[in-house]
Structure formats: structure tokens, C-alpha cells
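Take a look at it first, and then read on.

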Amino acid sequence: MLTLKQIQENKQEVIERLKVKNFDATAIVDQIIHLDNQRKVTQAKSDQLLAETNALSKSIGLLLKEGKAEEANVSKEKTAALKEQIKEETTLLETTEKALQAALVQLPNLPHTSVQAGKSAEDNITVREGGQMPTLTNALPHWDLAKKYDLIDFELGVKLTGAGFPVYKGKGAKLQRALINFFLEEAIAAGYQEVMPPLMVNEESGFGTGNLPDKEGQMYYVEVDKLYLIPTAEVPVTNIYRDVILNASQLPVRNCAYSACFRREAGSYGKDVRGLNRLHQFDKVEIVQVAHPDKSYETLEGMVAHVQTLVEKLQLPWRILRLCGGDMSFTSAMTYDFEVYSAAQERWLEVSSVSNFESFQANRLKLRFKEDGGKKAQLAHTLNGSALALPRIVAALLENNQFEGGIRVPEVLVPFCGFDIIS
RNA sequence: GGAGAGAUGGCAGAGUGGUCGAUUGCGGCGGUCUUGAAAACCGUUGUACCGAGAGGUACCGGGGGUUCGAAUCCCUCUCUCUCCGCCA
């Protein structure tokens with residue numbers, strides 16, 4: 001969430017920049033400023049009353065020590081009246097703070113000043129592209145290939161769990177492992193430290209990365225234990241740094257993690273959910289960084305460059321989009337999407353999203369750092385990206401590399417899976 | 001799941017109703033000494049909010065209560081440890 005300081009000092013700018021995300025913040029910003037001002041007044045009053053009571057209590061202690069019980073009793077009566085007032089003020093303070101918090105979490109992150117306005121995916125800008133476009137005729141879609149070579153069983157997944165939970169089999173399963181290991185090794189070689197996080201998180205973690213309260217319905221929830229299945233490793237990995245104060249010399253912190261990801265995907269339908277295009281459970285390697293505010297956009301470019309090497313090594317046709325304000329997530333200040341082209345579906349599939357959240361998550365997480373020798377802790381910047389999400393990569397690999405005799409496995413994966421042809 | 005013990009500052013560990021934001025040790029930072037280092041010695045060392053400042057307020061796992069006053073007493077929740085049971 002945005003900081004109160006940001007909103008108080010740059011009210012008009014906040015409103016203007018959120019227009020780029022098609023968000024009218026005027027009413028909420030006014031409400032926040034009003035509540036914050038009320039909070040300050042209320043706190044000043046309540047602090048002063050508390051100070052008076054504290055002083056009286058101290059004097060009562062001294063009086064009793066000197067055996068002046070009569071005088072002590074007079075003071076005790078005085079505190080009774082003060083306590084009434086304190087209760088009133090603190091109740092008001094609490095409700096004001098709650099209302100303030102409720103208003104604050106409604107504001108999306110400010111898009112970076114260079115982000116273009118726009119309504120939907122159509123307004124995204126292609127910043128780079130590469131790879132060979134496929135020239136296949138009569139290419140089979142990946143769901144047919146998966147059946148033909150017995151790689152993925154969607155119906156079996158329906159039997160075991162439900163739609164969107166495929167069962168990978170034989171070389172299909174091994175290809176998953178190979179991709180996971182390939183992505184992890186690439187990330188480690190690029191300087192990321194691997195972590196293997198829990199697949200469920202508590203409510204605090206969901207709040208820290210901005211998944212709660214607004215995306216509640218997108219996560220699976222285990223009611224009895226009040227735990228959420230993670231929609232991405234971003235959630236547990238970023239929350240490692242919740243309530244942490246780092247030294248500037250430790251930045252940037254770089255982590256990578258493989259995890260299964262769980263998404264309810266309520267409201268999705270049609271060709272978007274066919275085959276591997278949109279699943280309730282899928283595998284992903286995620287990269288996460290905590291960066292110094294002055295360096296976070298450099299960091300973002302570095303992460304984009306890393307993801308680019310992955311799609312290049314896999315020899316897939318790729319392009320990088322910079323998302324317009326309207327297509328960006330609630331929490332992001334700038335996002336690049338990676339898409340790969342799939343030969344049979346004849347369309348671009350999103351396989352990665354790399355974002356800078358600036359201090360938006362850090363503010364919720366209380367993730368801060370201190371300049372070397374500095375006294376004051378300030379909010380760090382957080383970033384993350386998929387590197388990469390498997391299902392659509394698999395879809396594109398199967399579709400683009402098919403030939404009469406089978407499916408060719410990209411060279412970089414052969415050491416990881418042990419075969420070069422699926423037949 | 002049953003029984004018991006515990007949760008205090010970066011870490012260790014005191015503190016069982018008042019001047020305790022908290023003794024002390026270690027670690028960190030600064031200094032003295034030294035050619036340099038070590039040792040020794042001296043000083044310093046939490047976070048947030050309000051305030052122009054002086055200063056004030058809150059925080060001893062979370063929440064609630066008793067009291068003029070709570071790290072300290074009571075209730076409750078969470079977590080950790082030990083033993084028993086079960087188990088990948």
C-alpha cells in the first residue's frame with residue numbers, strides 16, 4: 001500500500017497517476033487525508049491524557065511510600081475521571097485507525113511515470129521480440145500431442161481431483177522435472193539463492209504481498225487451519241522478509257524458488273482454459289529480489305534480461321510486452337510480460353510476468369533497510385518474476401517442435417531429461 | 001491427540017506490582033593505547049507514532065482483564081521445548 005506520507009504530500013499526483021490505471025482515487029484520497037488528520041488530533045489528545053495519568057500514578061506510589069494514604073486517595077479519584085476520557089479517546093483512535101487502514105488498502109500502487117495509459121491488453125507495447133516463428137502446417141495442438149504420446153492425462157486428473165489438475169505421465173512427467181531443474185540451475189548461476197518454501201501461508205503473509213484482502217477468492221483456503229494455498233512462490237518467498245530490517249550492503253537480496261502454484265481461476269472459460277492454458281495447479285520457478293529504491297529499475301531490467309535468456313535457450317519465438325496501466329496488477333508499478341508463440345493454437349501465450357512493486361509490498365511487509373552507518377530505516381523495493389511458469393512453455397514446446405516422427409526436445413533440456421525425442 | 005515447561009532487546013539471560021524501555025554478558029559501532037593487529041579500557045547501540053522543538057506516547061509472543069500503577073497477577077489464543085501415543 002501507499003504510505004500516508006506519499007498521499008499527504010502528493011495528493012494531486014497520486015490521483016493523476018492512478019488515472020493511468022483507470023482508477024478514480026479522488027474520494028478515497030480525500031477520505032484518507034481526513035482520517036489521518038483526525039488520527040493525529042486524537043492521538044495527541046490521548047497521549048496527553050495518558051501522560052497525566054502516568055504522572056499521577058507515579059506520585060501515588062511516592063505518597064504511599066511516605067505513608068500519606070489520604071493524599072494518595074485524592075489522586076486516585078482524579079485518575080478515575082481521566083480514565084473515562086482515555087477510554088473515549090482510545091476507542092475513537094482505534095476506529096479511526098481501522099477506517100484509515102481500510103481506505104488505504106483500497107488504493108492500487110502508483111504506476112511508474114513512464115507507464116502508458118490504456119484499457120486492456122491491446123494497449124500493451126511490444127518492447128523486444130526474438131526467435132524463429134514456426135512454419136508448420138496442420139500442427140496439432142498440445143492437448144492432442146499430449147494424448148498421442150501419452151504425456152499428460154487431463155481426464156485422469158478430473159477423476160482424481162477435478163478439471164485443471166492434469167496428471168503428467170512418463171516422458172511428460174520427466175519433462176516437468178527437467179524444466180524445473182533447468183530453470184533453477186539457470187537462476188542459481190545468475191546469482192539467485194534457492195529456497196524451497198511452504199505451499200501454504202497464513203493470513204499475514206497473504207496480506208504482505210497484497211493477495212489479501214482483495215484477491216481472496218482467487219486462492220484456495222483451508223478453513224480448519226486458516227491457511228491459504230499459495231498462488232505463486234512470490235507469496236512465501238517475499239514474506240521471508242516481512243518485519244525485517246536489512247543493511248544496505250545486503251541489497252539486492254536475490255532468491256529463486258520452485259513451487260507448485262494453486263489458483264481457483266473463478267470465472268475463466270473457453271479456449272483460455274483448454275489443455276495447459278489455464279490450470280488450477282501448475283509448476284513455476286519464481287525469482288524474487290529486494291532492492292535499494294535507487295536501483296530497483298536496474299534490477300527490473302536485469303530480471304527481464306534473465307527471463308529472456310531462458311526463452312532464447314529454449315528456442316521459442318518470444319516477445320516482451322510492457323503492460324499499460326489498465327492491464328497492470330493492483331500491486332505493480334511496472335510490469336513486463338513475456339509471451340511465446342504456439343504453432344497450433346496460432347497465438348501468443350503469457351509465460352512470465354516480471355514486476356517492480358517499489359515500496360508497495362514493502363510497506364505492508366514492513367520490509368526496510370538502513371543505509372550503512374545510517375540511523376533511519378526506510379522501505380525497500382520488492383520485485384519478482386516468473387522464470388518460468390511451466391504449462392504454457394510445455395504447450396509451446398510440444399506444438400512448435402512436432403514433426404512426423406515425434407517431438408524434438410530443445411538441446412538445453414537434454415542433459416536434464418535424458419532424451420532428445422518424444423515419440 | 002494426552003501431560004508438563006516456557007515465550008523478555010541482534011543473541012544469551014536477569015527481572016514476580018511502582019522511578020523498568022528494562023541489570024548483566026556477548027556481538028555491533030565509535031574512541032584511547034599500538035608500527036599494525038589482538039588484549040585491555042572508555043563511550044555508544046530497538047522500533048513506531050505525535051510534536052517546529054523541548055518532550056510525550058506505545059511496544060517484554062497476540063488479544064482481553066484486575067489495579068491509581070503490570071514485563072511482573074488473572075483469563076484466553078498462538079507458537080516453541082520435554083515426555084507419552086500415533087505416523088510419512
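**A protein chain and its RNA strand**

With 14 residues, α3 gives the most to the surface near RNA strand B; helices such as this are DSSP runs of H or I with at least four residues, strands are runs of E with at least two, and both are numbered from the N terminus. This is a predicted model, in which local features need pLDDT of at least 70, side-chain atom pairs count only at pLDDT 80 or more, and totals for chains, interfaces and linings use all residues. Residues are numbered from 1 along each chain as its sequence is written, chains are lettered from A and ligands numbered from 1 in the order in which they are written, and side-chain values use heavy atoms, leaving out hydrogens and water.

**Around the RNA**

- Arg-39, Gln-43, Ser-57, Lys-65 and Lys-370 come nearest among the 19 residues around RNA strand B (near means a heavy atom within 4 Å).
- Sugar or phosphate accounts for 70% of the RNA strand B atoms within 4 Å of the protein, and bases for the rest.
- In the side chain of Arg-39, an N or O atom is 2.6 Å from a sugar or linking oxygen of RNA strand B.
- Ser-57 instead uses a backbone N or O atom, which lies 2.7 Å from a base nitrogen of RNA strand B.
- Two or more residues come from each of α3 (26–65), α4 (69–104) and β14 (368–370) to the surface near RNA strand B.

**The whole chain**

- Chain A has 13 helices and 19 strands.
- Its C-alpha atoms fill a box of roughly 100 × 45 × 45 Å along the principal axes.
- Of the 423 residues in chain A, 50% are buried (under 20% relative accessible area, with a 1.4 Å probe and protein chains only).

Methods. A polar contact is a pair of N or O atoms within 3.5 Å; within protein, one must be able to donate a hydrogen and the other to accept it, and residues adjacent in sequence count only if both atoms are side-chain atoms.
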